[in-house]
Amino acid sequence: MKGQSLIWTGPSNANLKGTMKRPLRLAIAGLFLGHASVQAQSVGKMLVDDFGGIARDVGSVFLSPFRGSGRDYLIAGGVLAGSAALSAFDDNVDRWALANEGRGVLKSLDPVRSGGDFYSLNQATPYVIGLYGVALATKHRGIRDGIMGCVSSYTANTLLRHQVWYRVLGRDRPDTARDRLEGEFGPPAKQGDQYRFSGFNDSWGAHSFPGGHVATIATCASFFMHRYEAKYFDPALVALVAAVGVGRIADRGHWASDQVVGVAYGYAIGREIARRQLRRLARERTDGSVSIPTGGTLFDVGRDGVRLGWQSTF
């Protein structure tokens with residue numbers, strides 16, 4: 001027999017589109033999907049497991065080029081070739097972005113652009129730490145994995161870009177000045193500006209390739225999309241990645257061709273870490289260290305709308 005309590009019924013499918021405008025709250029709710037209970041595990045053991053998983057996952061990402069298949073290298077080559085072809089139009093895109101600064105679509109992206117409320121993920125750090133504390137207290141594996149997976153993705157992406165990409169290849173940004181007065185912009189790009197490459201260059205202005213900000217968002221988005229069975233969140237995550245990618249072009253922080261590689265790079269890292277988490281979870285379920293609970297969070301999208309609550313068997 002199943003008992004249900006704290007059930008919230010959302011809008012019908014006709015109004016579901018409006019509900020999805022709150023992707024952050026829904027994404028947090030999505031972390032409760034696939035919840036596995038930990039059997040008699042202490043907080044200390046969970047911390048060791050979680051942070052040990054980060055170290056192993058980041059190490060695996062660094063070693064992945066040596067384990068890549070022919071298909072993997074073919075896809076990577078195709079992404080780089082597509083980026084190279086697009087680079088011929090980078091200066092045109094930059095001039096368009098500068099001409100349309102502060103209006104239309106670019107204006108609507110202000111919240112995720114430089115200086116916007118959602119430009120930096122640092123503002124979310126206290127909330128994430130608090131949520132992780134709740135996950136430890138309740139032994140909620142789904143939330144723990146969600147936070148640790150995003151941290152692993154961010155760490156691998158950032159270390160690889162700064163310690164490998166930027167040490168091998170520098171590319172000038174459309175606007176190489178980091179700090180300008182509000183409303184002040186550098187000169188528009190000319191044909192050929194997008195081909196200013198150099199070797200190792202520690203200057204912020206030479207860290208255009210690949211797009212770092214969009215790669216960071218893409219790693220976490222890809223991780224969530226591959227780790228959790230919540231496909232109705234995918235469009236919101238894809239829209240967020242696209243908004244950040246275009247927003248950074250509008251900020252003149254990256255060329256369009258940088259963003260193509262940044263998205264592909266982030267997608268690959270997030271997928272790899274999600275797959276590793278799922279394999280660990282499968283092994284733990286096999287050896288009995290975690291179990292499928294008889295109760296848990298209920299999140300369902302059906303013909304009559306959305307239901308969110310708690311369900312248990314008794």
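This is a predicted model: local features need pLDDT of at least 70, side-chain atom pairs count only at pLDDT 80 or more; totals for chains, interfaces and linings use all residues.
This is a short walk through a few features of the structure above.

The model has 1 disulfide, formed by cysteine 150 and cysteine 220, whose sulfur atoms sit 1.8 Å apart. Cysteine 150 belongs to helix α8 (residues 141–168) and cysteine 220 to helix α9 (residues 212–227), so the bond ties together parts that are 70 residues apart in sequence. The disulfide also has a handedness: the torsion about the S-S bond is about 110°, so it is right-handed.

Next, turn to helix α10 (residues 234–250), where you will find arginine 248. Is this arginine buried or exposed? Its relative accessibility is 7%, and because buried means under 20%, arginine 248 counts as buried. Once neighbours within four places in sequence are set aside, the residues in contact with arginine 248 include Ser114, Tyr119, Arg173 and Trp204. His213, Gly253, His254 and Gln259 are also among its contacts.

One of those contacts, His254, leads us on to the cavity, as His254 is part of the lining of the largest cavity. The structure holds 1 cavity of 30 Å³ or more, and the space inside the largest cavity is about 30 Å³. Along with His254, the lining is made up of Asp90, Val93, Asp94, Pro174, Ile249, Trp255 and Ala256. Which helix gives the most to this lining? That is helix α5 (residues 90–99), with 3 residues. Sorted by class, the lining has 5 nonpolar, 1 polar and 2 charged residues.

Finally, a few places in the backbone deserve a look. Between phenylalanine 209 and proline 210 the peptide bond is cis, with omega near -5°. You can find proline 210 in the loop between β4 (197–198) and α9.

Two other residues have a positive phi without being glycine. For lysine 139 the angle is about 55°, and this residue lies in the loop between α7 (125–138) and α8. With 28% relative accessibility, lysine 139 counts as partly exposed. For arginine 252, phi is near 65°, and its place is the loop between α10 and α11 (256–287). Arginine 252 has 1% relative accessibility and so counts as buried.

Terms used. Residues are numbered from 1 along each chain as its sequence is written. Side-chain values use heavy atoms; hydrogens and water are left out. A disulfide is a pair of cysteine sulfur atoms within 2.5 Å. Helices (H or I, at least four residues) and strands (E, at least two) are DSSP runs, numbered from the N terminus. Buried means under 20% relative accessible area, exposed over 50%, partly exposed in between (1.4 Å probe, protein chains only). Contact means heavy atoms within 4.5 Å. On a 1 Å grid over the protein atoms alone, a cavity is a set of points where a 1.4 Å probe fits but cannot get out, and a pocket is an open set with protein on both sides within 12 Å along at least five of seven lines; lining residues have an atom within 4 Å of a point. Grid points are joined across faces, edges and corners, and a volume is the space filled by probe spheres set on the points. Ala, Val, Leu, Ile, Met, Phe, Trp, Tyr, Cys and Pro count as nonpolar, Asp, Glu, Lys and Arg as charged, and the others, Gly among them, as polar.
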